[in-house]
2 protein chains.
Amino acid sequence: MGQRKSGHVTLLDIARASGFSVSTVSIVLSEAPLSQNVAATTRTHIRTIAQQLGYHPDAYARSLRRRSTQTIGIVAFDLSDPFCIPIVRGIQAKLQPSAYFPLLMDVQTQRALFDDYLHMLLERRADAVIVIASWVFEEMNLLGDVRKNNVPILIIGRDLSARGTSSILVDNEEGGALAMRHLYELGHRRIAVIRGPQELCDSEPRWKGVRDVAAQCGMKLDERLVFQLPGVAGPASGFAGGLQFTRAMLTAGQPFSAVLAFDDLTALGVVRGLREAGLRVPEDCSVMGFDDILPAEVATPAMTTIRQPLREMGMEAAERVLQAIRGKEKKVRLHRTRPELVVRMSTASPPTTFMNSRNGNRRS
Amino acid sequence: MGQRKSGHVTLLDIARASGFSVSTVSIVLSEAPLSQNVAATTRTHIRTIAQQLGYHPDAYARSLRRRSTQTIGIVAFDLSDPFCIPIVRGIQAKLQPSAYFPLLMDVQTQRALFDDYLHMLLERRADAVIVIASWVFEEMNLLGDVRKNNVPILIIGRDLSARGTSSILVDNEEGGALAMRHLYELGHRRIAVIRGPQELCDSEPRWKGVRDVAAQCGMKLDERLVFQLPGVAGPASGFAGGLQFTRAMLTAGQPFSAVLAFDDLTALGVVRGLREAGLRVPEDCSVMGFDDILPAEVATPAMTTIRQPLREMGMEAAERVLQAIRGKEKKVRLHRTRPELVVRMSTASPPTTFMNSRNGNRRS
DNA sequence: TACATTAATTGAAACGTTTGAACCCGATTT
DNA sequence: AAATCGGGTTCAAACGTTTCAATTAATGTA
């Protein structure tokens, strides 16, 4: 057939087959404004031949000539983290009608890949870049090359607005407060807290929200019931931490009636630990998570949690970079989204007789 | 600066800035074989200038000229399904050292998007395409255009080898058998089964495996304990189905000591239903899933399940298409991977006194 | 001094598109 | 009959690379 060396059908092939010039064919197939001047018979003729040959315009040649790729890079730090997906979905949803096309990259939490992919996006002339980062990548020199090629960039999950990068993230402080207040209002007074790992920027504000509400309610947090997750080693590492701390708490014997975990996976680890000891959730002890990811929803008991408006964050991000591309928005901005309390089955009022694992209320 | 209209630094910019020709600059920066003939001083000079200006070669121009994109398209039917991710990871892992680059697309279970994305991949001149499909998309005319442009294609999760497309999928029959045998060996004799939806091609063979083992063990499956999920409406729709069927079973009152669910999410729905009725898993009733996705692992009790070697399937797929690209493999092949039993906490021997919800052994 | 040899660099064509300007030609206007 | 018009089509240049062939400069040989 008309297969050229590359194995792909080109405009030239169609030109030859139809007897018209490459220009005419191009005009017709790309539906350029000029195509109105092309005779109707010619148009259909060319179109049918293209169809027949299975022609697809070469995106590379086209973008090169048009000097536009209609492409937006999305760099997700870890696609296996259920946290990422709704954000990506949000971005996609907003991009769909805009004729922009997402280029999705999964960093797999590997520092080196992050740089590689960022370069790749630059090479692919992405019109803008959205980074989903939550943790990892302390000193990223995004600033460097991306900025140098004046590609709009936006980051979700970290506040880098101070360093000149627009950011979107949940109001962690309010989230922490929301969680704490919920437990307080249920009647809990002895609440264990598992803080996030130090290198994770969500940790501190979330913890501040918790403390503030505690103080405000005249509740004092027992230091022996406060823990901090060690460094993050993967999306499921929170689970291990939650499990381990719970075991420790139970053997230590400080009484508590609720656990406020840093995120959903950690909370699920806590539930596992409590159940190991024969304790029921929420009858004997309440547990709260943070994020509202799928596993939290389908676990039994369903997890009470603080929902991050992930999808909305994605949409907001897409909207922002589109604005930036169109040159309407230049200044860096910080956008904090409002978290939302989702009450499910893992929280309830504390048992009337205070749980204290030392007194052997385990079952087996 | 040297910014041209496009806003991106080009070879010409560097040529101007360095005083050398575009050719020389290209030769140096792309590390072409000829670059050995270029004076060392020139080389370093050019390189530093490129660095300084933040040059990144234009992938479009480059691919156009080189007539090769080093790109492999991955079309995932639904990234929010935890099933997809490990496969994608496997592909990535295999691709990493090969200098090929994955182009990841999330179809979001929308038929129309599937076609769009496939076209897009053709336009982007992907060297090969891997489709992760499990369900959806009955009559896909992949065959048409993709074939016409002779791009190697491979599908994971469906058997399309009969229609001339290489396929990789788990041996569902063996999986079903494995699950059933496990429950039988624990001593279960009255086992409820929730079959997969009709339009999903995994359903039938899995069910066959179950029946065969039942027959082989001289166990008869009570029709009143066999259900079939309705059409799939999303990754979490299995959960709703499992929950609903369990409620129905419990009110119907047929005794059973174990539930074999079509997949993990369905199994989690079953657990929820049992718990609602105050029944314990696995003490009062065992539950099994299929797939081994994250939520199954972090739920309590942790779900006993049949693991699909998802990662390995991804790696195998990548390997295959790489072979095909290099022209070594031409014929279509079907590869069935072996499932694996993962015993966790949700299965145990049946209670000595047979559970029968009619006799009011609920708790509250 | 002229000539061949090597080393370093460059010219120019090509990849597949798009697009403003030019072209051709039959029909209308003056 | 010449000039104008405009519908239908094509020329040719450009996008940023790569790469073969050609050019120049410098060195060694006759």
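In chain A of this predicted model, strand 6 (residues 191–195) is joined to strand 7 by 3 bridges, and the two run parallel. Strands of a sheet pair through backbone hydrogen bonds, either parallel or antiparallel.

Stepping back, these two strands belong to an open sheet of 4 strands in chain A, ordered 7-6-8-9 with parallel pairing. Strand 7 (226–228) and strand 9 (286–288) stand at the edges; each has a single partner strand, so one side of each is left without a neighbour in the sheet. On average, neighbouring strands here are turned by 15 degrees against each other, direction ignored.

Now let's move over to chain B and its helix 8, which covers residues 172–186. Its 15 residues reach 21 Å from the first C-alpha to the last, close to the 21 Å expected at 1.5 Å a residue. Among the buried residues of this helix are B:Gly175, B:Gly176, B:Ala179, B:Met180 and B:Leu183. Just after the helix, B:Gly187 takes a positive phi of about 110 degrees.

Finally, have a look at DNA strand D. Of the 30 residues around DNA strand D, the nearest are A:Ser23 and A:Arg65 together with B:Leu11, B:Ser26 and B:Ala61. Helix 2 (22–29) and helix 4 (59–66) of chain A, along with helix 2 (22–29) and helix 4 (59–66) of chain B, each give two or more residues to this surface. Helix 4 of chain B supplies the largest share, 5 residues. By class, the surface near DNA strand D has 13 nonpolar, 10 polar and 7 charged residues.

Conventions: Residues are numbered from 1 along each chain as its sequence is written. Chains are lettered from A and ligands numbered from 1 in the order in which they are written. This is a predicted model: local features need pLDDT of at least 70, side-chain atom pairs count only at pLDDT 80 or more; totals for chains, interfaces and linings use all residues. The expected span of a helix is 1.5 Å times one less than its number of residues. A residue is buried if 20 or more other C-beta atoms lie within 10 Å of its own, exposed if 12 or fewer, and partly exposed in between; C-beta atoms are placed from the backbone. A residue is near a molecule or strand if its C-beta atom, placed from the backbone, lies within 6 Å of it. Ala, Val, Leu, Ile, Met, Phe, Trp, Tyr, Cys and Pro count as nonpolar, Asp, Glu, Lys and Arg as charged, and the others, Gly among them, as polar. Two strands pair if DSSP finds at least two bridges between them. Axes are lines fitted to C-alpha atoms, for helices over the stretch in contact, and angles run from 0 to 180 degrees between N-to-C directions.
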